[in-house]
Amino acid sequence: MIKKLLFGLIMLLLLSFIVGIALVVFSNSYTPSKSNIVKPKNALPIINKTEGVTQVNGHVIVNKKYKLPPQYQPGEDKIAKRNFNKLLVKGEDAQLDLKFSSSYRSYKEQQKVMKDYVEKDGEKVARQYTAKPGESEHQTGLAFDVGTNKPLDDFHKDFEKTKEGRWIKQHASDYGFIIRYPKGQSHETGYAYEAWHLRYVGKPLAKIIDEQDTNLESYYRLNEK
Ligand SMILES: [Zn+2]
């Protein structure tokens with residue numbers, strides 16, 4: 001009886017020794033938590049310019065300062081499109097009237113869009129709501145405009161107030177999109193508020209930009225250079 005008890009005790013000691021060793025070994029494996037990811041706030045962004053195309057930490061940047069060359073024709077980005085479609089399906093589930101409006105436009109197509117608007121509204125007015133060729137984010141293939149079939153007096157002014165506009169603002173980042181030109185940030189982005197213009201940056205960055213209520217230029221401090 002005592003022998004059995006002693007044997008049990010020894011086994012128990014041996015087992016706890018093995019478990020102890022295992023704990024020490026496994027606690028050495030490093031799993032980065034969210035708070036360990038270095039943010040550009042603390043580290044300078046890496047700006048890379050190849051054949052006239054500027055990338056910041058791997059994200060293509062286009063605005064009035066960083067232009068795209070005419071020969072840059074990537075077409076519509078497949079991953080971005082897939083996520084955009086998911087967003088639309090989710091919107092449909094929520095009984096919203098959302099639709100795809102436009103995405104990729106080449107330099108030449110933007111030239112034509114600009115020309116048509118200038119003919120319609122005059123140069124000064126057209127410049128306020130449309131980008132010059134080489135300055136349009138639609139040339140990256142990562143920008144998507146949403147629309148709605150709802151009757152609105154002025155889509156550009158009224159979309160943000162619709163159920164659809166409000167829903168997009170809340171859910172775009174779930175699919176890796178940001179409202180590229182947020183309200184009240186035109187001095188940083190160079191463009192007036194566009195509630196319908198989405199830019200794909202992937203979910204991690206989209207979430208950060210949304211939570212901080214900021215924009216690509218400010219987040220990567222592009223106007224400081
Ligand atoms: Zn757009």
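**Strands, helices and core of a predicted model**

Me: Which residue is the bridge partner of T54 in β3?
Reply: The bridge partner of T54 in β3 is I61. Please keep in mind that this structure is a predicted model.

Me: How many bridges join β2 to β3, and in which sense do they run?
Reply: Three bridges join these two strands, and β2 and β3 run antiparallel. They also form a hairpin with two residues between the strands, where N57 takes a positive phi near 45 degrees.

Me: Is E51 buried or exposed?
Reply: E51 counts as exposed, because it has 7 C-beta neighbours inside 10 Å, and a residue with 12 or fewer is classed as exposed.

Me: What about D213, where does that one lie?
Reply: D213 lies in the loop between α8 (203–211) and α9 (216–219). D213 is not a glycine, yet it has a positive phi of about 45 degrees. With 12 other C-beta atoms within 10 Å, D213 is therefore exposed.

Me: Let us turn to helices. What length should α2 span?
Reply: Helix α2 (residues 78–93) has 16 residues, so at 1.5 Å a residue it should span 22 Å. Its end C-alpha atoms are 23 Å apart, which agrees with that expectation.

Me: Which residues of α2 are buried?
Reply: The buried residues in α2 are A80, N83, F84, L87 and G91. They cover an arc of only 105 degrees around the axis, so they lie on the same side of α2.

Me: Then which exposed residues are on the face turned away?
Reply: That face of α2 carries the exposed residues K78, I79, V89, E92 and D93.

Me: And what covers the buried residues of α2?
Reply: The cover includes β5 (143–147), α6 (163–171), β6 (177–179) and β7 (197–200).

Me: What follows α2, and what follows α3?
Reply: Q95 follows α2 and has a positive phi, near 65 degrees. G122 follows α3, and its phi is also positive, near 85 degrees. Helix α3 (residues 107–121) itself has 15 residues and reaches 21 Å from its first C-alpha to its last, close to the 21 Å expected.

Me: New topic: which residues touch the most other members of the largest nonpolar core?
Reply: They are A172, F177, I178 and L198, in a core of 34 residues. The elements that give two or more residues to this core are β3, α2, β5, β6, β7, α8 and α9.

Me: What is L198 in contact with, leaving aside its neighbours within four places in sequence?
Reply: L198 is in contact with A143, F144, V146, A172, F177, I179 and R180.

Me: Where is K169 found, by the way?
Reply: K169 is found in helix α6. It is partly exposed, with 15 other C-beta atoms within 10 Å. Its contacts, leaving aside neighbours within four places in sequence, are I179 and A195.

Me: How many residues apart are K169 and A195 in sequence?
Reply: They are 26 residues apart in sequence, while their C-alpha atoms are 7.5 Å apart in space.

Me: Finally, how many helices and strands does the protein have?
Reply: The protein has nine helices and seven strands. Buried residues make up 28% of its 225 residues. Of the contacts between residues at least 6 apart in sequence, 66% join residues at least 24 apart.

Technical notes
Residues are numbered from 1 along each chain as its sequence is written. This is a predicted model: local features need pLDDT of at least 70, side-chain atom pairs count only at pLDDT 80 or more; totals for chains, interfaces and linings use all residues. Helices (H or I, at least four residues) and strands (E, at least two) are DSSP runs, numbered from the N terminus. A residue is buried if 20 or more other C-beta atoms lie within 10 Å of its own, exposed if 12 or fewer, and partly exposed in between; C-beta atoms are placed from the backbone. Two residues are in contact if their C-beta atoms, placed from the backbone, lie within 7 Å. The expected span of a helix is 1.5 Å times one less than its number of residues. The arc is that of the directions from the helix axis to the C-beta atoms. Two strands pair if DSSP finds at least two bridges between them. A nonpolar core is a set of buried Ala, Val, Leu, Ile, Met, Phe, Trp, Tyr and Cys residues joined through C-beta atoms within 7 Å.
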